[in-house]
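Student: I would like to learn how to read single features in a model. Could we go through some together, beginning with a residue and its surroundings?

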Amino acid sequence: SFGSVKYVFSFRLKEWVAIKSDSGDHTKWGEVETMLNMAAERIKKMGGKVELADAGTHQLPSGETVLLPPVILAEFAKDPKKATLCIYGHVDVQPAKMEDGWATDPFNLTEIKGNLYGRGATDNKGPVLAWLHAVESYQATKKEIPVNIKLIIEGLEEVGSYGLFKLIKKRRDSFFADVDFIVISDNVWATTTPALTYGTRGSSYFFIEGPKLDLHSGVYGGSIQEPMADLIALLGSLLDHTGKIQVVGVSDDVTPLTEDERKLYDNISFDLEEMKNVVGVKHFLQDTKEEVLMARWRYPSLSIHGVEGAFSDPGSKTIIPRKVTGKFSIRQVPNMDPPDVERKVKEHLEQVFSTLNSPNRLKVTATVGAKPWVANLQDSQYVAGQKAVKDVFGVEPEFIREGSTIPIAQTFQEETGKSVMMLPISGHDDGEHSQNEKISRYNYIEGTKLFAAYFYELSLLH
Ligand SMILES: CC(C)C[C@H](NC(=O)CN)C(=O)O
């Protein structure tokens, strides 16, 4: 019965969420591999052919070289008469701890009032399972899947998809040769209306590392230039209070807004007041719906994420932190280029540091350099996506962009020359990366139906 199918779908998500596949710490990549193996087993049980492709090695900011977890390349039976769709997803997650303020254990999927709470529920384990369930629903009802299905599933998206860029280049003329369309469901709707996404921002992530010291502030305080004070001056130089990035030249290459693009914002049913409530702020940096959305989707932004090595526990320790590493990232938009941004950021930090006349050491490393992505809305995938949304939800989708980053999206488009579309099923309030991340049962199940309908609508294009 459909009731028991829904139970199986959420039970599987519970099993996947229980795997702590946080890719942020390379010493824990064993869990990422466990998760990849679990996904591979599920695909094999469904009759898919799975390769755990070698993704090579990666050099960490410390200089250490580490072996990367593999990437799943899978496919189901091929019929040369049908179009081939390649689905991309990831099964790694961002870190999560109860102490961060979760109401429930982040690794124990918990249902409350129709929402399934857990790290990775929406980003991206739920949507990956929904794709598999869409395939399975054709198999279970003994209906021919209308398109050939390939899958590429990785375990390092949340740290910048190390190794994947090279793997795609290597497999361009083999795995990707017969692919007609690439689809990604790793982002959220902008409102409560289903959406098709035509752009994501890129990202460069920086580490600013200070020197090694470890001193009692009562003994040495006042006589030395503290690394933390240097770091705060550097981090404080990056942004002004209006959110404007202070790194000279960093926004010079942003594509100007055209009238056609501006019009795309008119029909988005985004409610500024509701969004303030969801986020818990009195006001945004911008005043109108259009300005807020553009700031999130089509202009760059800089965020300061944290300081490693600084005292951050409750209580009052009086140490001068010995080695502090500040972490921030810049979201990028067309036509910004991560290497150019990196150069400008390094120049800016070195210039500010020189004014501090500090005896301390400054080391700036960029750990992620992911390009922005924009699709052509005239692409036929968008026609199929639009029809599938109409079939399942009975409404027209909103055409949106996304402020976050799918590091591999632009590479897919550039390297394979194939059409790429994003078909999100996650809710605008799902809280990707935050406390109490969730996917609603509604979005999870209707999203599965949307994917099944999408296979059908896509086959009609061919
Ligand atoms: C490069 C980033 C860490 C990638 C990450 N991606 C997602 O959240 C996609 N759902 C991001 O922070 O944008």
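Tutor: This is a predicted model. Begin with Ser 161, which is buried, with a relative accessible area of 0%.

Student: Where is Ser 161 found?

Tutor: Ser 161 sits in the loop between β8 (148–154) and α4 (164–171). Its backbone has a positive phi of about 60°, although Ser 161 is not a glycine.

Student: Is Lys 113 buried or exposed?

Tutor: Lys 113 has a relative accessible area of 83%, so it is exposed, since exposed means over 50%. Lys 113 lies in the loop between β6 (110–112) and β7.

Student: Which residues are around the ligand?

Tutor: Asp 123, from the cis bond with Asn 124, is one of them. The others include Glu 157, Glu 158, Ser 404, Thr 405, Ile 406, Pro 407 and His 433. By type, the shell divides into 2 nonpolar, 3 polar and 6 charged residues.

Student: Which polar side-chain atoms lie by a ligand atom, and at what distance?

Tutor: For Arg 331, a polar side-chain atom is 2.7 Å from an oxygen atom of the ligand. Asp 186 has a polar side-chain atom 3.0 Å from a ligand nitrogen. For Glu 432, the distance to a nitrogen atom of the ligand is 3.2 Å. On its own the ligand has 360 Å² of accessible area, and the protein covers 94% of it.

Student: How should I read His 428, and where does it lie?

Tutor: Start with its place, the loop between β19 (419–422) and β20 (438–440). The relative accessibility of His 428 is 16%, so it counts as buried, the cut-off being under 20%.

Student: What does His 428 touch?

Tutor: Leaving out residues up to four places away in sequence, His 428 touches Val 188, Trp 189, Ala 190, Thr 191 and Thr 192, along with Glu 274, Met 275 and Val 278.

Methods
Residues are numbered from 1 along each chain as its sequence is written. This is a predicted model: local features need pLDDT of at least 70, side-chain atom pairs count only at pLDDT 80 or more; totals for chains, interfaces and linings use all residues. Side-chain values use heavy atoms; hydrogens and water are left out. Helices (H or I, at least four residues) and strands (E, at least two) are DSSP runs, numbered from the N terminus. Buried means under 20% relative accessible area, exposed over 50%, partly exposed in between (1.4 Å probe, protein chains only). Contact means heavy atoms within 4.5 Å. A residue is near a molecule or strand if one of its heavy atoms lies within 4 Å of it. A polar contact is a pair of N or O atoms within 3.5 Å; within protein, one must be able to donate a hydrogen and the other to accept it, and residues adjacent in sequence count only if both atoms are side-chain atoms. Accessible areas come from the Shrake-Rupley method with a 1.4 Å probe; for residues, only the protein chains shown count as cover. Ala, Val, Leu, Ile, Met, Phe, Trp, Tyr, Cys and Pro count as nonpolar, Asp, Glu, Lys and Arg as charged, and the others, Gly among them, as polar.
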